[in-house]
Amino acid sequence: MEFASPRRMSPRILVLDFDGVLCDGRAEYFASSCRVCAQVWGLAPAQLQPLQPVFDQLRPLIETGWEMPLLLWGLQQGIPEDALRQDWPGWRQRLLQQAGVSERALAQALDEVRDRWLAEDRQGWLELHRFYPGVTAWMRQVQAAGEPRLAILSTKEGRFIQQLLLREGIQLPRHRILGKEVRAPKAATLQRLLTAAQVAPEELWFVEDRLQTLRQVQSVPELEPVLLFLAGWGYNLPEEREEAARDPRLHLLSLEQLSQPFEQWLIPPPPSSGLAISPAEPQELSRVQASPDRKRPEAGLASLVLTLVELLRQLMEAQVVRQMEANRLSPEQIERAGSSLQALRQQIRQLCALLEIDPADLNLDLGDLGTLLPRQGDYYPGQPDGEGSLLELLDRLINTGIVVDGELDLGLADLSLIHARLQLVLTSSAKLS
């Protein structure tokens with residue numbers, strides 16, 4: 001009797017796309033595309049800046065870099081967003097003809113813009129790229145372990161990728177950075193990589209944020225055993241993530257799973273539930289314009305919302321500190337949580353400035369209960385505020401754990417309309433493990 005060999009639960013070679021998997025470069029894409037549009041079509045920045053939110057939303061349509069300035073030019077010409085979204089390949093060809101340029105000319109112009117920018121202001125160019133939270137710490141951890149071997153497969157120029165990795169202290173051998181200069185479809189490059197590495201196809205895992213690219217890999221019979229992952233945090237659309245989740249040959253990967261053991265990658269991520277708080281993207285904030293002449297009428301409601309968000313931010317920060325002091329968090333988890341909380345803090349301050357709200361107004365005076373937040377500085381667990389705050393009380397209750405059990409009747413006009421029996425457990429997640 002023959003038994004099937006057990007399925008390998010970790011890769012020997014892990015191939016990662018760069019843009020949309022490791023790094024979010026949308027700010028640089030837009031800025032470089034503006035410079036190309038100025039060089040090729042003579043468009044001024046003021047004509048293009050209002051288009052950034054739509055440009056960012058349509059980024060999942062882009063396959064190679066030269067398409068970005070073409071997309072921006074098409075938006076400036078008034079092509080509707082829905083039309084571009086429904087048939088970008090068709091519009092791409094029509095726009096090339098209307099603009100009177102070639103793919104090669106746009107690619108060359110984009111490379112020249114980036115080269116000149118790097119030569120004149122290298123730090124400014126690098127700062128427009130933001131690695132996703134925890135990614136660089138995870139890459140360093142994988143490199144230190146020695147296996148799997150990491151490789152980058154991207155349509156971005158390899159030299160640009162190398163510059164960005166070096167900024168993060170990651171030194172990847174140049175032959176493992178397979179950028180646009182390879183000039184071959186990713187499926188063909190994966191085949192060559194398998195041959196050169198002399199590993200079984202199932203020992204190579206590939207993480208990509210474009211569903212279309214994964215479909216192209218799936219169409220090659222020799223690559224059928226390769227494990228394919230769609231990065232759910234990258235440049236893709238909700239319907240693409242839903243399609244990937246339904247395909248048994250694909251694995252939908254979440255950013256939280258990325259830093260977990262590889263066997264956890266094969267478990268479908270749980271559906272998101274409830275309330276999620278995350279830092280706003282710059283293009284989302286750019287849609288809110290402060291009025292120089294008067295107070296914004298929505299500032300009153302916004303102040304209440306921001307007050308709640310600030311309370312939750314400081315509560316989460318307190319729990320991170322408690323779990324960190326109890327040695328329950330890994331270094332990459334600490335880095336990811338710290339960067340997210342700091343980014344959220346900055347976004348709250350930016351929204352206060354845009355809506356003409358004094359950040360001090362987010363702290364409410366609750367009379368005998370004290371204030372909602374500490375009067376000065378942030379709350380730190382274990383160091384009580386001398387005047388007391390509701391934040392400190394909530395943190396202590398969460399750290400201790402409480403159960404609210406009882407019955408509630410709701411009604412009006414002496415009529416009992418709703419009866420509820422409640423059992424609420426409020427405690428730190430760490431106490432449940």
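**Figure 1. The pairing of strand 1 with strand 6 in the predicted model.** Two strands pair if DSSP finds at least two bridges between them. In this predicted model, strand 1 (residues 13–16) and strand 6 pair in the parallel sense, and four bridges join them. Within this pairing, isoleucine 13 stands opposite leucine 204 of strand 6. Both strands belong to an open sheet of six strands, in which the pairing is parallel and the order is 5-4-1-6-7-8. The edges of this sheet are formed by strand 5 (177–178) and strand 8, each of which pairs on one side only.

**Figure 2. Strand 7 and the strands that flank it.** On one side, strand 7 pairs with strand 6 (residues 204–208) in the parallel sense over four bridges, and here tryptophan 205 is found opposite leucine 227 of strand 7. Strand 7 also pairs with strand 8 (residues 250–253), again in the parallel sense and over four bridges, with alanine 231 standing opposite leucine 253 of strand 8. From strand 7 the chain passes through helix 12 (residues 238–246) to reach strand 8, and this β-α-β crossover is right-handed.

**Figure 3. Burial of strand 7 on both faces.** Is strand 7 buried or exposed? Five of the five residues of strand 7 (residues 227–231) are buried, so this strand is largely enclosed by the rest of the structure. In a regular strand, side chains alternate between the two faces of the sheet. In strand 7, Leu227, Phe229 and Ala231 lie on one side, while Leu228 and Leu230 lie on the other, and with all of these residues buried both faces are covered.

**Figure 4. Helix 11 and the strands it lies across.** Strand 6, helix 11 (residues 211–218) and strand 7 together make a β-α-β unit that is right-handed. Helix 11 lies across strand 6, strand 7 and strand 8, and runs at about 170 degrees to strand 7.

**Figure 5. The crossing of helix 4 and helix 6.** Two packed helices are described by the angle between their axes and by the distance between those axes. The axes of helix 4 (residues 67–76) and helix 6 (residues 88–99) come within 10 Å and cross at roughly 80 degrees, and the two helices are therefore roughly perpendicular to each other. On the side of helix 4 the contact is made by Glu67, Leu70, Leu71, Trp73 and Gly74, and on the side of helix 6 by Trp88, Arg92, Leu95, Leu96, Gln98 and Ala99.

**Figure 6. The surroundings of arginine 114.** Arginine 114 has its place in helix 7 (residues 103–127), where a relative accessible area of 4% marks this residue as buried. When its neighbours within four places in sequence are left aside, arginine 114 is in contact with Glu28, Tyr29, Ser32, Met68, Trp125, Lys156 and Phe160.

Technical notes. Residues numbered from 1 in each chain as written. Predicted model: local features only at pLDDT ≥ 70, side-chain atom pairs only at ≥ 80, totals over all residues. Heavy atoms only, no water. Buried < 20%, exposed > 50% of the residue type's maximum accessible area, 1.4 Å probe, protein only. Right-handed = clockwise from strand over helix to strand, strands pointing away. Contact = heavy atoms within 4.5 Å. Axes fitted to C-alpha atoms, helices over the stretch in contact; angles between N-to-C directions. Parallel < 35°, antiparallel > 145°, perpendicular 65-115°, else oblique.
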